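Biologist: I am new to this structure and would like to know what stands behind the labels. Please take me through them one by one.

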Amino acid sequence: QVQLVESGGGLVQPGGSLRLSCAASGSIFSINTMGWYRQAPGKQRELVATLTNSDTTNYADSVKGRFTISRDNAKNTVYLQMNSLKPEDTAVYYCNADRVRAGSGWYGRLWGQGTLVTVSS
């Protein structure tokens, strides 16, 4: 079975930086797209950034120029470097993997458990 495990959340002051990591565990053959979504209190989950296995990126307008997504395919890991953080970036950040081929089967969409990022002075 494939699982996504996130790490790297925490409390940071406005203007600060954090780096999130998400590793996919299991016998994985390929992952088409990995990405990050976030959900702030009282709001719907929204896309932050995605990265395909052909290096196509997609960013929410609100994070362009501040966040950078990257992945290590050999480790089945995706990262989110977040710079110039703002209080409105406060949310639970969820890792996502789409179209996963693994020894245990094929998975359309997988989610991590979420990691909390709080931007506050």
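Modeller: A nonpolar core is a set of buried Ala, Val, Leu, Ile, Met, Phe, Trp, Tyr and Cys residues joined through side-chain atoms within 4.5 Å. In this predicted model, the largest such core has 34 residues. Strands S3, S4, S5, S7, S8, S9, S10 and S11 each supply at least two residues of the core.

Biologist: Which residues have the most contacts inside this core? And which strand gives the most to it?

Modeller: The residues with the most contacts inside the core are Trp36, Leu80, Met82 and Tyr93. Strand S9 gives the most, with 6 residues. In general, nonpolar side chains tend to be buried together in soluble globular proteins.

Biologist: What does Tyr93 touch, leaving out residues up to four places away in sequence?

Modeller: Contact means heavy atoms within 4.5 Å. The residues that Tyr93 touches include Glu6, Leu20, Trp36, Tyr37, Phe67, Leu80, Met82 and Val117. Thr115 is also on that list, and Tyr93 stands opposite Thr115 in S11.

Biologist: How do you know that S9 pairs with S4, S10 and S11?

Modeller: Two strands pair if there are at least two bridges between them. S4 and S9 have 10 bridges, S9 and S10 have 6, and S9 and S11 have 3. Each count meets the cut-off of at least two, so each is a pairing. S4 and S9 pair in the antiparallel sense, as do S9 and S10, and S9 and S11. As examples, the bridge partner of Ser30 in S9 is Arg101, and Val100 stands opposite Tyr107 in S10. S9 and S10 also form a hairpin, with 2 residues between them.

Biologist: Why is the pair of Tyr37 and Trp111 called edge-to-face?

Modeller: Rings pair if their centres lie within 6.5 Å, and planes over 60 degrees apart count as edge-to-face. By this rule there is 1 aromatic pair. The centres of Tyr37 and Trp111 are 5.1 Å apart and the angle between their planes is 75°. The distance is within 6.5 Å and the angle is over 60 degrees, so the pair is edge-to-face.

Biologist: Where in the chain do the two residues of the pair lie?

Modeller: Tyr37 is in strand S4 and Trp111 is in strand S10, 74 residues apart, and the pair links distant parts of the chain. Tyr37 has a relative accessible area of 13%, so it is buried. Trp111 has a value of 33%, so it is partly exposed.

Biologist: What makes you say that a charge sits over the ring of Tyr79?

Modeller: For Arg, CZ must be within 6 Å of the ring centre and within 35 degrees of the ring normal. The charged end of Arg19 sits over the ring of Tyr79, 4.1 Å from its centre. Likewise, the charged end of Arg45 sits over the ring of Tyr94, 3.7 Å from its centre. Both distances are within the 6 Å limit.

Biologist: Why are S1 and S7 said to stand at the edges of their sheet?

Modeller: Four strands form an open antiparallel sheet in the order S1-S3-S8-S7. S1 and S7 each have a single partner strand, so one side of each is left without a neighbour in the sheet. The twist averages 15° from one strand to the next. S7 is joined to S8 by 6 bridges, and the bridge partner of Thr68 in S8 is Gln81.

Key: Residues are numbered from 1 along each chain as its sequence is written. This is a predicted model: local features need pLDDT of at least 70, side-chain atom pairs count only at pLDDT 80 or more; totals for chains, interfaces and linings use all residues. Side-chain values use heavy atoms; hydrogens and water are left out. Rings of Phe, Tyr and Trp (its six-membered ring) pair if their centres lie within 6.5 Å; planes under 30 degrees apart count as stacked, over 60 as edge-to-face and the rest as tilted. Buried means under 20% relative accessible area, exposed over 50%, partly exposed in between (1.4 Å probe, protein chains only). Axes are lines fitted to C-alpha atoms, for helices over the stretch in contact, and angles run from 0 to 180 degrees between N-to-C directions.
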